[in-house]
Amino acid sequence: MRLLKIIGIIAGLLVGLLVLVVLAVNLIPANHYKDLISTAVKSTTGRDLVIGDLDVRLGSHLRIAASDVSFSNATWGSRAQMFTGRLLETDVALRPLLDGVLDLRLILEAPDMLLEKDAAGRANWQFGDGGSAEGIEEPESPEQSGGLSLRPLLREIRLEKVKLAYTDAQADQKHAAAFETVLLRSLAGQVDVKVDGRIADHPVVIAGGIDEAAVIDSTKPGDFSLTGKLGDIALNMEGTLDAISASPRADLRLAAEVPSLASLATFTGRQLPDQGPLKASLHLSGAEGSYRAEDIKIDLGAKLLAASVEGAVADLMAVEGVDLTVSAQTDQLAELVQQLGIEVPTELPPSVGIAGKVSGGRAKLTLSDYDVQVKDEGVEASLRGQVADLVALTGIEADLTLAAQSMAALSKYAGTDLPDAGKVELSGKLASPQGLAAPSELAATLSADGVIAKLDGSVDNLQTAEGIALTVDVKGDSLEQVAKLAGQHVPAKEPLTVKTKLSLGGTSYKADELHVGFGDNELTVRQNAAMCRPASRPSPPTPQATSRHR
């Protein structure tokens, strides 16, 4: 009985104390607390907090309403206030606090927030010493500090007429956003989300719901279902997400659709053609900073270009385990290149198709099984092979085939008029293990109207066409046929053969060990058979030559 009496007395004292606190809070004018709050903020941050009117109510809920609030900026800031707001109102239910739940309503009217960095890298959200980062310690977690860990229950968070701005003088960046409404409201076990505003010049609309479990309990993932638009880009996200735990887990399906590539110009930083639509989707899953993207699908169904990407990336954060199949097709290449703002000095074929597989990671991406198909009137060509390292452009292997109904069909690519000399076929191989600027091996066979030419050798630099060394072997059924390919008429039926070692470098070329056979006649020149310098007229060569009649 004595123990029960003691407990009763203590309980009575606590109730009486609580009543006194409630009476004190409700009877003492709230504006008397403004100076205490402002002084505490000034002592902690070194900044001024100004409150117009303050209203505090304490009952089963703690309600605080402050009007005309402003928080001063760093002394070096671009404006006087870092934050201003017409109204800030919070309502916290007291009983749930005993269970570790922060049952909260928050309303902000006309909040205007500026975050900025100066040229020295100081940030206005870093307090003390004028915004210097030095001396700022990371806050302790509730477990480290021994404080109470509260789980939020968002009854309602409503922001109206929001303005946000971010500037970085070091990076020369400026970003701004404005929102008419940002609303999160708990209803029937779900947090409804509504956002209506603009980011830069792009309208932003988001609507949907988040499972309340994802917000209240950090150990449980919650269901997400959000749809929205960013400018002309339609977005959709659904699945489960554990966003606030120490090790976020995700299992989401993301999708986006853009009516035209031009809608992405602001985000890519370059002009894009008014072509579309573009659809993209993927399945994102993982935890603890390791996330995998599967079922990646990107499809562009544009008038000028049809393209697709499919596959997976095993580790998005490290960009490793890339396994993608890519393809693209255009029948209007010249117009596409023009709309992309790319200048090409040579004639382009109208139809080009590309397909291949990209695999590897950030350090080394491999393009395998690539297949390039080119079509023009009377001309078809293909290029197949692989690139061992797309980043360094090394390990290049290519097989080339070309078929033209006549040599004249190749005139626009040769830059001169070629004779109509019958069907032309070309096949060749290229190997550049160290890249196009390093020595490459090549071999090719060209056949045209009874003439076959074989080339085999190397090129020191394919990009600049320097250091070319080739063995050339030409055979013609008759001199007449060979002359016809050069646009000449020579009525000679005897067969013709030419063999030589051809070297090209800079503005000159030379042919060593030139062997010419014409009918029963042969001519052999063992060294320096010919040399040409376009900039000046060369002196006649003094070769050692032998000839004989067979």
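Val-451 is found in strand 24 (residues 451-461), where strands (E, at least two residues) and helices (H or I, at least four) are DSSP runs numbered from the N terminus. The model is predicted: local features need pLDDT of at least 70, side-chain atom pairs count only at pLDDT 80 or more, and totals for chains, interfaces and linings use all residues. Residues are numbered from 1 along each chain as its sequence is written, and side-chain values use heavy atoms, with hydrogens and water left out.

**Surroundings of Val-451**

- Val-451 counts as buried, at 8% relative accessibility; buried means under 20% relative accessible area, exposed over 50%, and partly exposed in between (1.4 Å probe, protein chains only).
- Residues up to four places away in sequence aside, Val-451 touches Leu-446, Val-474, Lys-475, Gly-476, Gln-481, Val-482 and Leu-485, contact being heavy atoms within 4.5 Å.
- From C-alpha to C-alpha, Val-451 and Leu-485 are 8.8 Å apart in space, while 34 residues separate them in sequence.

**Nonpolar cores**

- The largest nonpolar core has 20 residues, and Leu-159, Phe-179, Phe-224 and Leu-252 have the most contacts inside it; such a core is a set of buried Ala, Val, Leu, Ile, Met, Phe, Trp, Tyr and Cys residues joined through side-chain atoms within 4.5 Å.
- At least two residues of this core come from each of strand 7 (151-168), strand 8 (173-187), strand 9 (190-199), strand 11 (222-230), strand 12 (233-242) and strand 13 (249-258).
- Strand 7 supplies the largest share of this core, four residues.
- Another core, of 16 residues, lies apart from the largest one and includes Val-379, Met-407, Val-472 and Leu-485.
- Leaving aside neighbours within four places in sequence, Leu-159 is in contact with Leu-108, Glu-180, Thr-181 and Val-182.

**Aromatic pair**

- The structure holds one aromatic pair; rings of Phe, Tyr and Trp (its six-membered ring) pair if their centres lie within 6.5 Å, and planes under 30 degrees apart count as stacked, over 60 as edge-to-face and the rest as tilted.
- Phe-71 and Phe-127 form this edge-to-face pair, with 5.9 Å centre to centre and 85 degrees between the planes.
- Because Phe-71 lies in strand 3 (residues 61-72) and Phe-127 in the loop between strand 6 (112-117) and helix 3 (142-145), the pair ties together parts that are 56 residues apart in sequence.
- Phe-71 is buried, with a relative accessible area of 13%, whereas Phe-127 is partly exposed, at 28%.

**Pockets**

- The largest pocket has a volume of about 410 Å³. On a 1 Å grid over the protein atoms alone, a pocket is an open set of points where a 1.4 Å probe fits, with protein on both sides within 12 Å along at least five of seven lines; lining residues have an atom within 4 Å of a point. Grid points are joined across faces, edges and corners, and a volume is the space filled by probe spheres set on the points.
- Of the 20 residues that line the largest pocket, Ala-381, Ser-382, Leu-383, Leu-400 and Leu-426 are the closest to its centre.
- The lining of the largest pocket has 17 nonpolar, two polar and one charged residues; Ala, Val, Leu, Ile, Met, Phe, Trp, Tyr, Cys and Pro count as nonpolar, Asp, Glu, Lys and Arg as charged, and the others, Gly among them, as polar.
- The second largest pocket holds about 250 Å³ of space, and its lining has ten nonpolar residues, one polar and no charged.
- Strand 3 gives the largest share of the lining of the second largest pocket, three residues.
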